Each structure stands twice: as C-alpha cells, then as structure tokens.
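Open the structure in your viewer and keep the sequence panel beside it. Each stop below says what to select and what is there.

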Amino acid sequence: MNMDKSIAVIGGGISGVSVARMLTDGSESQVVIYEKESTLGGLIRCKRTADCLYHLLGGHVFNTKTPAVKEWFEQQFILNDFAWKERNAKISIDEKTVGYPIENHLYQMDEGFQSKVVRELLQLSATDQGEFTSFGDFLIKRFGKSLCERYFFPYNHKIWGMDLAEIPVSWLEGKLPMPTVEEILLSNIQREGEKKMVHATFLYAKENGSQFIIDSLAEGLELRCECPVDNIKVSPDGLFVNGADGYDVVVYTGDITRASSVIKIEDQRANELMGRLERLKARGVKNAFCECDVTDTSWLYIPDPEFEAHRIIYTGQFSDSNNRGSDRMTCVVEFNYNTADSVICEEIGQLPGNLKLVETNKVEKAYVVQDEETRKEIDELKSILERHGLFLLGRFAEWEYYNIDKCMEAALGVSASVQAYSAL
C-alpha cells in the first residue's frame with residue numbers, strides 16, 4: 001500500500017497487532033495501535049511468574065493449513081525461534097485416560113462401551129440423518145447416544161454453558177472433528193490418533209510462548225498502551241478516536257456487543273444492527289496456573305460433571321523455558337468464570353498430576369457463541385461501516401471463534417480491504 005494514510009487499530013491482541021504489521025510493512029501509512037491494558041496480547045497474553053511462563057488465558061499455539069497465512073508467518077519470523085511439537089491430547093474419563101479425539105480411541109474404552117458405540121454408529125450410517133439443526137443435533141447424529149452422554153454433552157456444556165440445541169452447527173465447521181462413521185472405524189483400526197486435525201502438530205516459541213509472537217510483530221509499531229477507546233466518531237471529515245485524533249481508517253477489534261456505545265455514526269441501520277448484536281452471548285473463564293508432575297500430555301480434557309474444571313493445558317510441556325523458575329513442570333487449569341476460589345483450591349487437590357496452585361486469572365469473555373442471525377447481521381454491519389473506512393476484525397468484533405491462525409487469516413482479508421478502500 002503506497003498511499004499515505006493514517007490508520008488507527010483498536011486493540012492490541014493478535015488480530016490488531018497482525019493487521020497493524022500488515023498495513024505498516026511496505027507502506028508510508030501511519031498506523032497507531034490503541035490498547036487498554038499496559039501490555040499487548042489480548043487472549044494470548046503471557047507473563048513470567050517466578051520465572052515460569054503463565055499463559056493467562058489458556059495455552060495458545062500456532063499452526064495453519066492456509067497457504068497465505070503460512071507464507072506471511074514465515075516472512076515475519078525466524079523459524080529457528082520455534083519448536084515443532086506434536087499434540088498429545090488426552091481425555092480423563094471413568095477414572096482412566098484415553099486418547100483424544102475420543103472417537104478415534106474407542107479401542108481404549110471398555111468392551112461393553114465399544115460395542116454400544118459401534119452398534120449406534122452403524123445404525124446412524126444406515127439411515128438418512130438429514131441436515132443438522134444445531135450443535136447438539138450434530139453430535140447425536142454423528143457420534144450416537146453413548147458417546148454423547150459420556151463425553152460430548154457434559155464436556156461441551158461446561159465450555160459453552162448453555163443448551164447445545166441453541167448453538168448453530170454452521171459456525172463450528174472447521175473448528176471441531178466432523179468424521180464419518182467409516183473414518184471413525186478406520187481410525188480405530190489404524191490407530192491414527194488426531195493426525196488430521198489442524199493442530200495435530202504446531203509451532204511454539206522456544207522463549208515466552210505466544211507472547212513472543214505478539215511482541216515480535218509489534219516491534220517498531222506505534223503503540224498507545226493504557227489507552228482505552230470509548231468513542232469512535234464517524235463523520236464526513238474522517239474518523240475521530242476519543243474525541244480528538246482523526247484518522248482515515250479505523251480497524252476495530254473490540255467487543256461488538258459494546259460497539260453501540262463506542263461507534264457513533266449517523267446511519268440508522270448500522271445503529272439498529274449494533275443494538276441487536278448486544279444480545280450475543282459469551283462464556284468467561286478463570287484459569288489457575290499450577291506446578292505439576294512432568295508429563296508428555298499436552299492437553300487433558302475433563303468431561304466429568306463433578307468437576308468444574310474443563311481441561312488442563314500442560315504449557316510447560318511445550319518448552320523447557322516455560323518451567324525455568326521451578327524444578328517441576330507448569331500447567332494451566334481452565335474453569336468457568338464464576339467458579340469460586342474455594343472450589344478451585346479443592347479441585348486442584350483432586351485433579352491428576354499433584355498440582356500446586358500458583359495464581360489465578362479470569363476474563364469475562366473468552367468463548368463466543370453465535371446464533372442463527374449473527375453472521376448475517378455482522379456481515380451487513382461490516383458492509384455499512386467499511387463504506388466509511390471502519391473495519392471489524394477479530395474474535396470479538398466479528399464474533400467468531402478464531403485461534404491465532406484464523407486471526408491472521410482474517411487480518412490478511414481486512415488488510416486487503418483497507419488497501420482497496422484507500423485506493424479509492
């Protein structure tokens with residue numbers, strides 16, 4: 001982009017920093033990132049605690065099957081700064097540990113359960129299931145009653161905190177396994193594990209994890225940290241941030257459910273859409289950073305409804321430098337946002353791995369949930385706002401369940417749209 005434009009990026013998470021890097025490289029445009037926190041990172045923020053690396057909101061890694069994302073990533077980084085890791089995820093179920101995804105590891109379950117699941121799968125394959133009406137409908141028609149009751153329903157209810165019949169299946173495509181009955185049976189015969197999943201292998205920074213990605217991309221960019229944005233005025237003279245700074249273009253990665261109080265535009269339909277999007281739901285999380293026994297497991301999923309913990313992410317297994325301040329290994333245990341500290345302490349003592357609690361962190365919104373109208377409404381809102389130079393990007397602005405690679409893919413799209421707009 002050769003045009004000399006002024007661009008504000010609202011939000012210093014992976015979406016905002018990625019698009020700022022894309023819009024800055026090879027350009028004369030001035031790009032400024034506004035970040036409400038004192039450090040960049042958003043959902044992939046990390047910090048050192050007693051010289052161990054704490055992923056404040058899970059354990060974020062990178063891989064992609066999108067050629068454009070792979071090419072851009074490799075242009076930004078020296079790959080020797082990363083290690084290739086094999087994902088070794090497991091499920092704690094019925095007082096035993098089995099491989100993930102569960103449908104590929106039926107051979108590790110008891111024989112009676114295996115027989116029930118196979119009979120149900122064969123019955124499903126022999127009948128026309130029609131279209132899936134919801135996420136819950138997809139699970140029961142794809143995996144059968146027994147697998148759903150023992151694993152899929154209790155685990156996903158923990159994650160989403162709502163009736164799975166209310167979640168449309170369309171927006172989860174590409175984000176979860178959707179194997180056929182034939183693929184499930186072959187996986188158990190051939191014992192393929194999770195090789196077909198996007199993150200079966202992944203790149204992980206040898207030092208500072210996902211924070212290394214953010215910090216590297218942000219080098220040389222103009223940052224305004226501890227600078228929350230509560231007003232973006234759209235006018236014929238430009239876009240004005242917080243009532244002062246004027247820009248030709250704004251990329252907004254903030255929460256779309258709060259946009260109606262931030263984005264000021266004289267367009268009735270845009271205001272109507274922003275008002276309607278206030279209804280959208282999201283699930284918050286509270287994470288417990290712990291020391292634990294050394295393990296080769298990378299993720300451990302916990303469907304048992306007696307535990308409020310969803311999963312354990314063994315971030316210390318990703319890089320030795322993550323455990324530098326301890327003679328043990330480290331991990332993050334994920335709970336629901338409203339889980340009481342007393343419950344966390346109690347469960348830490350019951351979960352596997354001799355866990356020792358170090359500290360906790362919580363975020364009000366982590367897992368976004370669409371309904372049947374979400375994509376249509378946000379696409380329409382995007383179309384209106386982009387005519388004025390305001391672009392929506394990221395998990396919370398687009399209300400999409402993006403991981404790092406999908407954030408970068410969406411940023412590539414927005415970068416191209418901004419260039420096209422600037423050329424007008």
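The tour goes from a sheet to a hairpin, then to the cysteines, a lysine, a helix and the nonpolar cores.

The model is predicted, so local features need pLDDT of at least 70 and side-chain atom pairs count only at pLDDT 80 or more, while totals for chains, interfaces and linings use all residues. Residues are numbered from 1 along each chain as its sequence is written, and side-chain values use heavy atoms, with hydrogens and water left out.

**Stop 1: the open sheet**

Select strands S9, S2, S1, S13 and S20; in that order, these five form an open sheet with parallel pairing. Helices (H or I, at least four residues) and strands (E, at least two) are DSSP runs, numbered from the N terminus. Two strands pair if DSSP finds at least two bridges between them. At the edges are S9 (222–225) and S20 (390–392), each of which pairs on one side only. On average, neighbouring strands here are turned by 20 degrees against each other, direction ignored; the axes are lines fitted to C-alpha atoms, for helices over the stretch in contact, and angles run from 0 to 180 degrees between N-to-C directions.

Now keep S1 (residues 6–10) and S13 (residues 249–252), which run parallel and are joined by four bridges. Opposite isoleucine 7 you will find valine 249 in S13.

**Stop 2: a hairpin**

Select S3 (residues 46–49) and S4; they run antiparallel, with four bridges between them. Together they make a hairpin with two residues between the strands, and alanine 50 in the turn has a positive phi of about 50 degrees. Cysteine 46 has histidine 55 of S4 as its bridge partner.

In a regular strand, side chains alternate between the two faces of the sheet. S4 (residues 52–55) is covered on both faces: Cys52 and Tyr54 on one side, and Leu53 and His55 on the other, are all buried. Buried means under 20% relative accessible area, exposed over 50%, and partly exposed in between (1.4 Å probe, protein chains only).

**Stop 3: the cysteines**

How many disulfides does the structure hold? There are zero, a disulfide being a pair of cysteine sulfur atoms within 2.5 Å. Cysteine 407 counts as buried at 5% relative accessibility.

**Stop 4: lysine 365**

Select lysine 365 in strand S19 (residues 356–369). Is this lysine buried or exposed? Lysine 365 is buried, because its relative accessible area is 18%. Its side chain makes a polar contact of 2.7 Å with that of aspartate 255. Such a contact is a pair of N or O atoms within 3.5 Å; within protein, one must be able to donate a hydrogen and the other to accept it, and residues adjacent in sequence count only if both atoms are side-chain atoms.

**Stop 5: helix H7**

Select H7 (residues 209–218): eight of its 10 residues are buried, so the helix is largely enclosed by the rest of the structure. Among the buried residues are Ile213, Ile214 and Leu217. Just after H7, glycine 220 has a positive phi of about 85 degrees.

**Stop 6: the nonpolar cores**

A nonpolar core is a set of buried Ala, Val, Leu, Ile, Met, Phe, Trp, Tyr and Cys residues joined through side-chain atoms within 4.5 Å. Select Trp160, Tyr252, Ile263 and Leu390, which touch the most other members of the largest core, a set of 82 residues. Helix H5 (residues 145–160) gives the most to this core, with seven residues. Another core, of 37 residues, lies apart from it and includes Val9, Val17, Leu217 and Met408.
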